[in-house]
Amino acid sequence: EDVVNRIAAGEIVQRPANALKELIENSLDAKSTNIIITVKAGGLKYLQIQDNGTGIRSDNLDIVCERFTTSKLSQYEDLQEINTYGFRGEALASISHIAHLTILTKTAAAKCAYKASYEDGKLKGPIKACAGNNGTQITVEDLFYNVIARKKALRSPTEEYTHIMDVVGGYAIHNSHVGFTLKKFGEKTDLKTPINSTVVENVRIIHGNSIARELMEIEIKDDALKLSVHGFITNVNYSHKKGVMLLFINHRLVDSSSIRKAVDSVYSTYLPKNSHAFVYLSIELDPKNVDVNVHPTKHEVQFLYEEQIIEKLKACMEAKLLSCNS
Ligand code: ADP
Ligand code: MG
């Protein structure tokens, strides 16, 4: 059974950045305002996330890494929201099957912090009382130590680290009220955004002033489609070899090949060949209209009214690009 769980977990968590994304979302769900991430060897050796959120009550610590353990489905209606988030109660369980996982956590009401280690979804050893701040620190060590095939398929720690940078940068831009810090263990900080910053300021911090000063705001509201879009795009970005495309649907960093195609086609008309743009779009849809589970290993999303939504998006972006190119 453990082998099956391990294979399943390796499918969901394909690389350190996938695990980190789940952990960041947990920290955000726990209302954290400051999130500090520390990495060794591109997250393969060591990936730690420290937040200042609600913490986990000690009497829940024995079950948090069991499959389908979630504190986020209290009501039947919540089941309808399940699509927004995809898997429920599977992130910690999955990670515990393919890494050494340690949780150190303290709720505001608790007198002290508690520390627990996990293996294959179960507690490993006793829960220990210890000193600690309010919030949760999750440490993932030796990711894929027991999944040889996955380990072989991975790129270098350097490449894994760039994926981690992209995920942290994306969440920092989207959640500009939350402070994010990313560093390699024992080294200087690579990325740091302040608490209560703004999207534009965080783009400046992460992608530089030449992009930040070019940002044009995108805003769409459509009640009939139950759609709202907020974002920023640039006219052109010569300084990056690749463009930047950050897409959040209902606050999850996702990929959508149809939106990607639409964005590319808009730019192909307005930009010189081989130049690239910065695109950040936060799209909010009725959760009932979103299906994130098209393919568990991809972060590809499908949604209803796709054609209409894409038409709106293209029209809005074209108008912006036209206004600054004329
Ligand atoms: P889900 O997020 O779908 O509920 P997870 O496996 O990601 O499932 O997390 C399981 C549970 O562990 C969460 O529902 C939450 O109660 C708790 N948890 C995980 N991470 C944190 C955190 N950083 N702060 C507070 N609680 C957390
Ligand atoms: Mg989660």
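Me: Let's start with the open sheet of eight strands: in what order do they stand?
Reply: A quick word on the ground rules: this is a predicted model, in which local features need pLDDT of at least 70, side-chain atom pairs count only at pLDDT 80 or more, and totals for chains, interfaces and linings use all residues. Side-chain values use heavy atoms, leaving out hydrogens and water, while residues are numbered from 1 along each chain as its sequence is written, and chains are lettered from A and ligands numbered from 1 in the order in which they are written. Strands (E, at least two residues) and helices (H or I, at least four) are DSSP runs, numbered from the N terminus, and two strands pair if DSSP finds at least two bridges between them. In this sheet the pairing is mixed, and the order is 5-4-3-6-2-1-7-8.

Me: In strand 7, which residue is the bridge partner of Val-39?
Reply: Strand 1 (residues 34-40) and strand 7 (residues 179-184) run parallel and are joined by six bridges. Val-39 is bridged there to Lys-184.

Me: Moving to helices, what kind of angle does helix 2 make with helix 4?
Reply: Helix 2 (residues 16-29) packs on helix 4 (residues 91-98) with axes 10 Å apart and an angle of about 140°. Angles under 35 degrees count as roughly parallel, over 145 as roughly antiparallel, 65 to 115 as roughly perpendicular and the rest as oblique. That makes helix 2, relative to helix 4, oblique.

Me: How many nonpolar residues does the contact of helix 2 with helix 4 have?
Reply: Ala-19, Glu-22, Leu-23 and Asn-26 of helix 2 meet Ala-91, Leu-92 and Ile-95 of helix 4 in this contact (heavy atoms within 4.5 Å). Ala, Val, Leu, Ile, Met, Phe, Trp, Tyr, Cys and Pro count as nonpolar, Asp, Glu, Lys and Arg as charged, and the others, Gly among them, as polar. Besides one polar and one charged residue, the nonpolar count is five.

Me: How many residues of helix 4 are buried?
Reply: Buried means under 20% relative accessible area, exposed means over 50%, and partly exposed lies in between, with a 1.4 Å probe and protein chains only. The cover over the buried residues of helix 4 includes helix 1 (2-12), helix 2, strand 3 (100-106), strand 4 and strand 6 (135-141). Of its eight residues, the number buried is eight.

Me: Is Cys-65 buried or exposed?
Reply: Cys-65 lies in the loop between strand 2 (46-51) and helix 3 (78-85). Leaving aside neighbours within four places in sequence, its contacts include Leu-92, Ala-93 and Ser-96, along with Tyr-118 and Gly-121. With a relative accessible area of 1%, Cys-65 is buried.

Me: What is the phi of Asp-120, roughly?
Reply: Asp-120 sits in the loop between strand 4 (113-119) and strand 5 (122-130). Its relative accessibility is 13%, so it counts as buried. Although Asp-120 is not a glycine, its phi is positive, at about 50°.

Me: And is Asn-196 buried or exposed?
Reply: You'll find Asn-196 in the loop between strand 8 (189-193) and helix 7 (199-207). Its phi is positive, near 60°, in a residue other than glycine. At 64% relative accessibility, Asn-196 counts as exposed.

Me: How does helix 6 run relative to helix 7?
Reply: Helix 6 (residues 157-174) and helix 7 have axes 8 Å apart, at an angle of about 160°. That makes the pair roughly antiparallel.

Me: Finally, which residue in the turn of the hairpin of strand 11 and strand 12 has a positive phi?
Reply: Strand 11 (residues 244-249) and strand 12 (residues 252-253) pair in the antiparallel sense over two bridges, with Phe-248 partnered by Leu-253. Two residues lie between the strands of the hairpin. The one with a positive phi, about 45°, is Asn-250.

Terms used. Axes are lines fitted to C-alpha atoms, for helices over the stretch in contact, and angles run from 0 to 180 degrees between N-to-C directions.
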